[in-house]
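Hi everyone, thanks for coming.

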Amino acid sequence: MMRKVMKVILLAGLAALLWGGAAAGETRPVTMAELEDFGRTVRELAMTRMVLNDPAAEDAESEDGIGLQFDFGVVYADRGEMAESTRVDAFLVMDEQVPAVRGIAIDWEVNRIMEAIPCDNPRMDGTYQRALLYLTGDMETGYAYGLVERDGQRIRAMEYGAADPAGGKRLAMSLQISGDGVDAIRMEGMETRQDAESLSALYEELTALGGEKRYSRVRQSLDGSTLDMFQESDLDFSALSYQTAVPEIFGDNVEDVLIDNDDGTWLRRVDGEGFSAVFTCDERGREAELISYTILSPDLEGPRAVRLGDLFHEDLQRFRNGEGEINEDGTREVLYGREGVAPYGLAEYGNGDEMILRYVTDTLSGRETELLLRYENTVLTEITVHTL
């Protein structure tokens with residue numbers, strides 16, 4: 001199991017996932033000329049290759065044009081053959097042997113991309129769906145931009161574009177991301193003329209996105225010694241504030257059950273859409289104090305933005321680790337601190353395909369609280385915050 005875990009971690013990258021950095025600061029934004037060169041390269045490549053599908057088939061038609069399939073990807077054209085006069089506005093590359101701008105290719109990891117192209121926003125401040133990486137230039141001289149499309153912490157695409165309002169042109173290269181790596185590269189805008197109004201609207205949209213601070217990327221690193229331990233501040237997360245939560249914050253659309261423990265103590269369990277919360281309370285459900293909160297929906301985030309469906313290595317790289325020892329049979333590892341004495345972190349690898357991460361913190365109230373993350377085949381299937 002430890003070999004399996006280490007393989008997963010090594011595949012995640014050979015360098016720390018530190019956004020920005022000196023390498024990024026020394027590079028320049030992607031230029032119109034670079035994008036045009038990439039477009040010409042793919043067009044010329046398509047001229048030398050055989051079309052693999054039937055362009056006359058109904059499934060070859062798309063809003064981008066007729067999809068001509070090649071061994072390296074798909075070119076969207078205005079006709080069913082590649083010729084000098086064929087109009088090509090967009091294409092999709094899925095072959096690692098066809099590099100894009102700056103040598104970026106299929107399977108490149110996000111941190112490697114960030115080293116090749118600058119980022120003025122290392123925390124990726126933005127919205128849950130998007131973040132601006134950089135915006136240079138203006139509507140008079142033209143502008144270049146980089147942005148991220150995401151589902152919370154999960155990056156789905158990184159787009160790099162350049163616009164020439166005077167020439168009515170915008171080229172955009174979209175790196176489509178699966179996991180942490182590029183699985184397709186899309187280019188668009190090669191033959192489409194855009195009016196100044198649409199390019200101005202895009203510039204204003206990007207400028208507004210640059211001012212958004214509603215959501216940020218959680219810091220990750222393969223160097224666990226640079227990360228913080230799980231701590232009391234982590235108990236305030238997007239779903240709720242664990243230490244101050246009361247049943248009433250969940251509203252009326254929940255199942256609220258009072259449980260008699262038959263020993264003079266009572267529990268109050270509140271089940272709602274995507275969560276289950278357990279409180280201690282009196283016999284009338286008052287004086288409720290949260291002792292357990294379980295996330296049941298992949299749409300809710302826990303401490304450090306962990307979500308059901310995360311991979312083991314993604315979450316491990318958000319918390320301090322690497323300071324303790326692994327037991328003799330490789331099934332249990334102290335990540336930091338000393339087991340049983342808060343604060344500490346613990347990983348368990350020994351139950352078939354199941355793995356567990358445990359992070360325990362002390363609090364000013366004197367209560368020790370644990371974040372329990374349970375994985376099956378390296379995929380996160382359970383998130384529970386509970387009082388020990």
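Let's begin with Arg43, whose side chain reaches the backbone oxygen of Ala83 at 3.2 Å. That is a polar contact, meaning a pair of N or O atoms within 3.5 Å; within protein, one must be able to donate a hydrogen and the other to accept it, and residues adjacent in sequence count only if both atoms are side-chain atoms.

A quick word on the source: this is a predicted model, where local features need pLDDT of at least 70, side-chain atom pairs count only at pLDDT 80 or more, and totals for chains, interfaces and linings use all residues. Residues are numbered from 1 along each chain as its sequence is written, and side-chain values use heavy atoms, leaving out hydrogens and water.

Back to Arg43: it lies in helix H3, residues 32–48; helices are DSSP runs of H or I with at least four residues, strands are E runs of at least two, and both are numbered from the N terminus. Arg43 is buried, at a relative accessible area of 17%. Buried means under 20%, exposed over 50%, and partly exposed in between, with a 1.4 Å probe and protein chains only. Setting aside residues up to four places away in sequence, Arg43 touches several residues, including Met82, Glu84 and Glu191, where contact means heavy atoms within 4.5 Å.

Now, which residues of H5 are buried? They are Leu199, Leu202, Tyr203, Leu206 and Leu209. Seen down the axis, the buried residues of H5 fall within an arc of 125°, so they line one face of the helix; the arc is taken from the directions from the helix axis to the C-beta atoms. Their cover includes strands E5 (130–138) and E6 (142–151). The face turned away carries the exposed Glu197, Glu204 and Ala208.
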